[in-house]
Amino acid sequence: MRHFLAIFAIVAAISAAGLVTGSPALAVEPDEVLADPVLEARARELSKVLRCVVCQNQSIDDSNADIARDMRLIVRERLVAGDTDDQTVAYMVARYGDYVLLRPPFQPNTMALWVGPPFMAMIIATLALLFFRMYQRERVASGSPEPLTPTDRAQLDALVDKLAAEPRRPRRQSGLRAELEQPFGSTGSGGNGSDNPAT
Amino acid sequence: MIAEIGQFALLLALIIAAAQVVVPMVGAARTDATLMAFGSRMAVAQAALLAAAFAALTYGFVVSDFSVSVVFQNSHSLKPMLYKVSGVWGNHEGSMLMWVLILAIFGAAVAVFGRNLPPTLKARVLSVQAMIGVAFLAFIVFTSNPFMRLDPAPFDGTGLNPLLQDPGLAFHPPLLYLGYVGFSMAFSFAVAALIEGRVDAAWGRWVRPWTLAAWVFLTGGIALGSWWAYYELGWGGWWFWDPVENASFMPWLFGTALLHSSIVVEKRDSLKSWTILLAILTFSMSLLGTFLVRSGVLTSVHAFASDPARGIFILIILLVTVGGALSLFAWRAPTIRGGGLFAPVSREGALVLNNLLLTLACATVLLGTLYPLILEAASGGASRVSVGPPYFNATFAPIMVPLVAAIAIGPLLAWKRGNLKAATVKLRIAGVAAGGAIVITFIAVPGGPILAPFAMGLAAWLAAGAMVEWGSRIKLFSAPVAESWRRLTGLPRAASGMTVAHLGLAIMIAGITGASAWRTELITTLAIGESAQAQNYSLTLQAVENGRGPNYNFERGTFLLTDRDGDTLLMYPERRFFPVAGQTTTEAAIKTTLLADLYAVIGESRSAQDAGQKWTVRFFINPMVPWLWLGAFVMVGGGLLSLSDRRHRVGAPRRKQRPVPGVSGAPAPAE
């Protein structure tokens with residue numbers, strides 16, 4: 001979909017440069033086609049990965065600009081002269097620079113481009129794994145009530161200590177203490193329940 | 001005079017939008033019902049004023065008022081009426097006016113239809129929506145005024161680009177903008193919820209229909225643009241990974257993720273922070289797209305640098321909006337309490353996978369789109385690379401394959417904790433269908449890429465998987481017919497919509513595969529009476545005639561297409577020359593059959609010494625291409641079906657306070 005706005009920008013850019021001569025995107029002309037169908041098929045495949053250097057993101061296979069036609073003819077010349085696909089592409093890069101490659105080469109200034117997607121995939125996989133681990137831990141913990149936050153724990157400890165410091169009700173204190181401690185004892189969390197509820 | 005009224009309405013809309021930012025927000029903070037209600041009225045007034053401004057500009061185009069600069073530059077008195085009207089948004093200023101108009105319409109829709117919203121949330125949503133409105137209205141008023149006059153007025157206009165004079169393209173931008181800008185609703189709801197400090201299942205229920213509506217429009221808009229490129233550009237290409245296409249595709253990817261994660265918020269009260277973040281990111285992509293398309297940065301980084309007023313303005317809007325929203329998110333998100341727990345293998349888990357893969361896909365497209373710009377800007381123009389279709393195909397497809405494979409499984413998993421094994425058993429039929437499709441494709445279509453049959457298998461897997469899920473919902477074959485019928489009629493439309501949309505995706509994948517893998521083309525020259533062969537077809541040029549259209553001259557070929565069985569078909573491709581613009585366009589002749597498009601184009605003629613006049617002829621057999629558009633159409637249909645679900649429209653009931661997660665032993669009912 002070279003949509004509306006693209007066309008707008010493209011036509012503005014190209015017509016400003018005085019490059020539009022014919023109809024849009026009628027690229028390969030019959031007189032360019034090589035007699036040998038195998039060579040021609042190779043030429044077409046190569047044309048799809050080479051950029052028309054004056055166009056906005058068009059391959060020379062799609063573009064009807066004069067320079068795209070010239071570039072297509074050069075590709076065919078090289079192929080007829082016996083170059084391999086790689087040699088032909090290398091020839092074009094030597095002439096027009098890396099810019100001509102629609103599939104950017106893997107080199108220092110494009111490293112991020114190629115490493116980026118797998119790297120992001122790894123981050124996402126790691127996040128998914130972390131989530132999985134977290135789930136497993138929470139599932140184990142979910143058999144008991146929600147673990148206390150450190151603040152709750154501190155408050156509770158303070159409360160218990162305060163009650164423990166009251167000498168007049170020793171029996172009630174021990175009972176309360178036992179009662180308060182009971183749920184945490186069941187998870188085996190002891191003194192610092194919230195930090196390690198699972199084990 | 002009319003243009004001045006438009007100008008006045010535009011300025012008034014800016015002032016009202018500014019008031020709409022402040023008044024409802026203050027009202028919500030003080031819980032002052034009067035101030036909050038005022039926001040709704042301003043939203044409606046703002047939309048009405050912008051509609052008036054838009055009507056004024058349209059009037060200028062309709063009556064060909066060339067004293068208005070935009071009309072002069074983009075219209076011509078001889079143009080057909082449809083293209084005079086579509087010329088309104090066929091230029092920078094007019095399209096930005098349409099952008100804010102749609103933004104205001106969405107705002108007004110919340111004001112009018114959002115009666116069941118909590119008043120404070122509604123007021124804040126309207127305020128946030130108006131913030132975006134103020135930014136873009138200021139952009140229009142200060143850098144892109146559509147009502148600029150010319151004095152003296154020219155006698156005639158310079159015409160609209162002939163490529164844009166096409167019915168498909170006349171409606172493409174409005175649809176696209178409805179989608180693009182429609183995601184502003186999700187954004188405003190997200191920011192309002194962050195300010196409010198409350199995100200619950202009800203919030204998810206309000207956001208879902210707005211997101212769905214925007215998604216439907218965007219899907220339709222992208223498909224329409226793609227279809228237009230296919231038939232108008234004259235060689236059957238339909239997707240180019242062009243930065244401008246990516247600009248609309250990135251919001252689509254995030255929007256699709258948002259659509260799915262908001263289901264989890266609604267049904268399970270979970271994934272809330274993530275959904276808020278997605279809502280912000282989706283609209284950020286819309287803004288980024290606006291920046292890329294409207295700043296001129298794509299044409300050339302240097303062109304952008306030499307006339308940066310518009311670009312810098314949108315860039316500032318982009319940075320402030322996104323930066324502000326993300327800061328707010330970082331500040332408030334920790335206060336959002338997560339809801340129900342769920343196992344990795346569960347409906348929620350599958351939706352998380354959907355979200356992760358779509359996010360990865362979007363990030364990849366973003367990287368590929370921005371990388372050349374950033375590299376060129378960073379190196380001062382010394383280092384330039386191209387990132388084209390080979391890059392995107394190599395990175396995008398590997399992300400999509402697992403996603404599509406998982407789509408069949410996800411809906412079969414129960415909420416909270418699913419049973420992968422049971423789902424796989426149910427999907428045996430889908431596995432058989434996939435295997436069958438692979439084998440049949442191998443046998444039926446020899447040659448072509450080795451991966452193509454597997455892609456067809458993937459499409460069959462998805463289609464069959466969607467049907468299996470649908471069948472298991474209505475207990476097809478496993479219950480009496482009457483019971484299945486009762487379940488079918490009782491099936492929520494949102495559920496049927498999902499099945500339909502997933503089927504649409506399957507159809508589209510088959511179309512993409514066929515169109516990319518097995519195309520046949522014939523490029524040759526023919527004199528009148530000559531024939532050429534392509535596959536099973538023989539193409540004969542019978543005649544070429546010249547004529548005049550409303551604002552162009554044409555050369556029309558008559559082709560006789562004969563297939564192996566002797567059946568014949570006449571095709572009439574045209575070449576049109578538009579004298580005003582000095583441009584030529586092609587009108588391909590397309591014959592659509594169930595399995596392929598036959599696509600004929602006539603080119604320039606040359607006089608050869610020996611054979612008289614010969615025309616350049618292009619003939620393509622594009623297999624499966626009709627399925628592409630059909631798939632998109634079905635996806636849109638699925639979205640609309642889901643949107644028509646009554647549950648999206650009735651007031652969201654306030655859920656009872658959930659019990660502490662994990663305490664209640666009862667499993668959540670699988671919907």
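Colleague: Is M285(B) buried or exposed?

Modeller: This is a predicted model, so the reply rests on predicted coordinates. A residue counts as buried when 20 or more other C-beta atoms lie within 10 Å of its own. M285(B) has 25 C-beta neighbours inside 10 Å, so M285(B) is buried.

Colleague: Which residues does M285(B) touch, leaving out those up to four places away in sequence?

Modeller: M285(B) sits in helix α10 of chain B. With residues up to four places away in sequence set aside, its contacts are M250(B), P251(B) and F254(B).

Colleague: What separates the C-alpha atoms of M285(B) and Q583(B)?

Modeller: Along the chain, M285(B) and Q583(B) are 298 residues apart.

Colleague: How many of the 23 residues of α10(B) are buried?

Modeller: Helix α10 of chain B covers residues 272-294. From first C-alpha to last it reaches 33 Å, close to the 33 Å expected at 1.5 Å a residue. The rest of the structure largely encloses α10(B), because its count of buried residues is 22 of 23.

Colleague: Are α10(B) and α12(B) roughly parallel or antiparallel?

Modeller: Helix α12 of chain B runs over residues 309-332, and its axis comes within 9 Å of the axis of α10(B). Residues that meet across the pair include I276(B), L277(B) and I280(B) in α10(B), and I314(B), L315(B) and L318(B) in α12(B). The axes cross at roughly 175°. Angles over 145 degrees count as roughly antiparallel, and therefore α10(B) and α12(B) are roughly antiparallel.

Colleague: What is the phi of M624(B)?

Modeller: M624(B) belongs to the loop between β10 (612-623) and α20 (625-643) of chain B. With 27 C-beta neighbours inside 10 Å, M624(B) counts as buried. Its phi is positive, in a residue other than glycine, and is near 70°.

Colleague: Which peptide bond is cis, with omega near 0°?

Modeller: Look at the loop between α6 (119-143) and α7 (167-196) of chain B, where P152(B) is found. The cis bond, with omega near 0°, leads from D151(B) to P152(B).

Colleague: What is the radius of gyration of chain B?

Modeller: Chain B has 20 helices and 10 strands, and 55% of its residues count as buried. Its C-alpha trace spans about 90 × 70 × 55 Å along the principal axes. With 671 residues, a compact globule would have a radius of gyration near 26 Å, which agrees with the value for chain B, 27 Å.

Colleague: Where in chain A is confidence lowest?

Modeller: Chain A averages a pLDDT of 69, and 64% of its residues score at least 70. Confidence is highest in helix α4 (residues 85-96) of chain A, at 86. Where pLDDT is low, predicted coordinates should not be read in detail. The lowest mean, 40, belongs to residues 4-16 of chain A, helix α1.

Key. Residues numbered from 1 in each chain as written. Chains lettered and ligands numbered in written order. Predicted model: local features only at pLDDT ≥ 70, side-chain atom pairs only at ≥ 80, totals over all residues. pLDDT = per-residue confidence, 0-100. Helix = DSSP H or I, 4+ residues; strand = E, 2+ residues; numbered from the N terminus. Expected span 1.5 Å × (residues − 1). Buried ≥ 20, exposed ≤ 12 C-beta atoms within 10 Å, placed from the backbone. Rg over C-alpha atoms; globule rule 2.2 N^0.38 Å. Contact = placed C-beta atoms within 7 Å. Axes fitted to C-alpha atoms, helices over the stretch in contact; angles between N-to-C directions. Parallel < 35°, antiparallel > 145°, perpendicular 65-115°, else oblique.
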